[in-house]
Amino acid sequence: MRWDQSPRYLMLASFAAAFASAGAALAAIWDHAGYNVGAGLLALLSPVLAWRAWNLTRHRRLERIQRSQLVLRLRQLPPVDLRIVAVPDREAVGFARQLRDAFVEAGWPATGVYRALPAHTGRTGLFLWVPDTNAPPPAAQYLLLALSEFGLQAVRSASVKLSDANTLELLVGLRRTAE
């Protein structure tokens with residue numbers, strides 16, 4: 001099992017360690033006092049695995065199936081120049097890298113992950129920047145639809161710094177938290 005494994009597997013391993021700890025502690029009563037050391041170590045391992053699982057659930061990530069289906073869908077779309085930008089947050093940068101890798105695997109000329117401008121550091125969610133919202137390139141509409149098919153809701157916004165009509169920018173903001 002890897003440290004960045006699915007949170008579900010980490011929680012199962014946490015419960016297994018807790019049960020093994022209880023079993024070793026019970027065995028120590030009848031058999032050998034050395035079981036107490038093993039029980040203590042397993043008791044310490046259990047909350048560490050549970051903490052890691054909880055920590056992973058707080059991070060956005062493309063699951064393997066979701067990623068492969070997104071790549072297949074992106075291969076059906078005409079590729080455009082795409083800049084990936086993220087707010088200066090560890091979770092956002094990690095998710096932006098996953099998205100960039102999926103775009104590159106699909107054959108898109110995606111570059112990044114660049115640091116977002118200070119004015120955008122408080123943004124949450126995904127934003128697709130286009131040169132002009134009144135006349136967005138067709139690729140922007142296709143990309144918004146493709147992302148939404150996989151549960152990645154992005155908001156289209158205008159960016160004056162995009163001079164080329166065929167260049168898009170995907171901003172990965174902070175993770176939205178439930179109120």
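## Before we start

A residue is called buried when its relative accessible area is under 20%, exposed when the value is over 50%, and partly exposed in between, using a 1.4 Å probe and protein chains only. Helices (H or I, at least four residues) and strands (E, at least two) are DSSP runs, numbered from the N terminus.

This is a predicted model, in which local features need pLDDT of at least 70 and side-chain atom pairs count only at pLDDT 80 or more, while totals for chains, interfaces and linings use all residues. Residues are numbered from 1 along each chain as its sequence is written, and side-chain values use heavy atoms, with hydrogens and water left out.

## A first look

The protein has five helices and five strands. Reading from the N terminus, the elements follow the order α-α-α-β-α-β-β-α-β-β. Of its 179 residues, 38% count as buried. Contact here means heavy atoms within 4.5 Å. Among contacts between residues at least 6 apart in sequence, 80% join residues at least 24 apart.

## The sheet

Let's turn to the strands. Two strands pair if DSSP finds at least two bridges between them. Five strands make up an open sheet with mixed pairing, in the order 2-1-5-3-4. Strand 2 and strand 4 stand at the edges with a single partner strand each, so one side of each has no neighbour in the sheet. On average, neighbouring strands of this sheet are turned by 25° against each other, direction ignored.

Strand 2 (residues 110-115) includes Val113. A cis peptide bond, with omega of about 25°, joins Gly112 and Val113. For comparison, most peptide bonds are trans.

Is strand 3 (residues 126-130) buried or exposed? Five of its five residues are buried, so strand 3 is largely enclosed by the rest of the structure. In a regular strand the side chains alternate between the two faces of the sheet. On one side of strand 3 are Leu126, Leu128 and Val130, on the other Phe127 and Trp129, and all of these are buried.

With strand 4 (residues 154-158), strand 3 pairs in the parallel sense over five bridges; Phe127 has Val155 of strand 4 as its bridge partner. Strand 5 (residues 167-172) runs antiparallel to strand 3, and four bridges join the two. Here Leu126 stands opposite Val172 of strand 5.

## Helices around the sheet

Axes are lines fitted to C-alpha atoms, for helices over the stretch in contact, and angles run from 0 to 180 degrees between N-to-C directions. Helix 4 (residues 90-105) lies across strand 1 (81-86), strand 2, strand 3 and strand 5, and runs at about 170° to strand 2.

Next comes a pair of helices. The axes of helix 3 (residues 64-75) and helix 5 (residues 138-149) come within 10 Å and cross at roughly 160°. That makes the two helices roughly antiparallel (a term for angles over 145 degrees). The contact involves Leu70, Arg73 and Leu74 from helix 3, together with Leu143, Ala146, Leu147 and Glu149 from helix 5. By type, the residues of this contact are five nonpolar, no polar and two charged, where Ala, Val, Leu, Ile, Met, Phe, Trp, Tyr, Cys and Pro count as nonpolar, Asp, Glu, Lys and Arg as charged, and the others, Gly among them, as polar.

Helix 3 also holds Ser68. Ser68 is partly exposed, with a relative accessible area of 38%. The C-alpha atoms of Ser68 and Glu105 are separated by 9.5 Å, and these residues lie 37 residues apart along the chain.

Terms used. Parallel < 35°, antiparallel > 145°, perpendicular 65-115°, else oblique.
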